[in-house]
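Thank you all for making time this morning.

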Amino acid sequence: MTSTTTRLLRLLSLLQEHPYCGRELAEHLDVTGRTLRQDIARLRELGYPVHAERGPIGGYRLSQGTTMPPLLLDDEEAVAVAVAMDQAADGSTGIAGIQDSLERAHAKLARILPKRLQRKVSALRAVTDVGPAVTGSREPDAPVPAEILATLASAIRATTTVHAGDLECEPYRLISWQRRWYLVAYALETHSWRAIPVAGLAAVTLGDRHFASRPLPDEDLVAFVLREIASTGWRVHARVTVLAPAETVIARINPTVGVVEPLDNESCLLLTGADRLETIAIYLSMLMMDFRVDDPPELVAHIRTLARRYTEATQSSS
């Protein structure tokens, strides 16, 4: 026999998933219908708005109440919430006055997380850096399974190799940027440093070898990842000659937008990329500088289309 408290917590967890008919709940809890009704009444006394509907498609469900009762989370949900709070802790939520509330909620969750879950959250926190917030156009999200992140975090802390898809590598750091995750790793087959998009990894498994840390490719691994994203990490890339000094262009762009190489005192080469040609066109317009697209031809055609539309829009309003 389970205790009443244990049974109530189990009942509450079920009701938070989706509505159940009384028979289903009684079977899940291994109790009689009378005991179930008593437990429902106890939840209501505690402030949980349990709504009941009669009939063949009726049942019990949690509805919105006037107060916020305690909320039950399973292991994966608790870890996900804790990680999300960590990601928002840098003040990049864009919501004014939320930080104090966020810190209080984070402290409450940290106090009650079981040690096994706290270790997962702490491991991920210890090996993760967060990239800078970017205003304007944002690329589509690339969600990553929590278990893959946990496996990578464990490998980084244990300095153990991992098999990431077909690649065997030494993992060094996780970088979170624009709701995307990247792994800074040394690829053993190519003997090169990589910024690997974690969303592109179908599976990650721990290797059986420990490794000694190598000299890093950059003291600032966030900067390293942003440069890699700008030059190689997008679906489409572009070479653009900007008719302005390199220092002026560098001061205007986010590192993820592109890599700038000086050509002479009055011009520079911008290597940039995005998941869509339309996004590159937006980036270039935000430069507010004269430029010439060298590659790809598809971007040239798209900008010509935009120029025609803008010209026609201007003529129609004059």
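I will go from the sheet to the helices, then to the cores, and finish with some backbone details.

Before that, please keep in mind that this is a predicted model, in which local features need pLDDT of at least 70 and side-chain atom pairs count only at pLDDT 80 or more, while totals for chains, interfaces and linings use all residues. Residues are numbered from 1 along each chain as its sequence is written, and side-chain values use heavy atoms, with hydrogens and water left out.

Let me begin with the sheet. Strands of a sheet pair through backbone hydrogen bonds, either parallel or antiparallel, and here two strands are said to pair if DSSP finds at least two bridges between them. There is an open sheet of four strands in the order β10-β11-β9-β12, with antiparallel pairing. At its edges are β10 and β12, each of which pairs on one side only.

Helix α8, residues 221-232, touches β9, β10 and β11, and its direction makes about 75° with that of β10. Helix α10 touches β9, β11 and β12, with its direction at about 145° to that of β11. Strands β10 (258-264) and β11 (267-274) run antiparallel and are joined by six bridges, and they form a hairpin with two residues between them.

Which residues touch the most other members of the largest nonpolar core? They are Leu152, Leu174, Leu183 and Val198, in a core of 33 residues. By a nonpolar core I mean a set of buried Ala, Val, Leu, Ile, Met, Phe, Trp, Tyr and Cys residues joined through side-chain atoms within 4.5 Å. Buried means under 20% relative accessible area, exposed means over 50%, and partly exposed is in between, using a 1.4 Å probe and protein chains only. Helix α7 gives the largest share of this core, six residues. Leaving aside residues up to four places away in sequence, Leu152 touches Val162, Leu174, Leu183, Val198 and Val204. A second, separate core has 22 residues, including Ala238, Val240, Ala281 and Leu299.

Finally, the backbone. A cis peptide bond, with omega about 5°, joins Asp295 and Pro296, and Pro296 has its place in the loop between β12 (291-295) and α11 (297-317). Thr159, in the loop between α7 (146-158) and β4 (160-164), has a positive phi of about 45° although it is not a glycine, and Thr159 is partly exposed, at 26% relative accessible area. Met288 also has a positive phi, near 60°, and lies in the loop between α10 (277-287) and β12; Met288 is exposed, with a relative accessible area of 68%.

How values were computed. Contact = heavy atoms within 4.5 Å. Axes fitted to C-alpha atoms, helices over the stretch in contact; angles between N-to-C directions.
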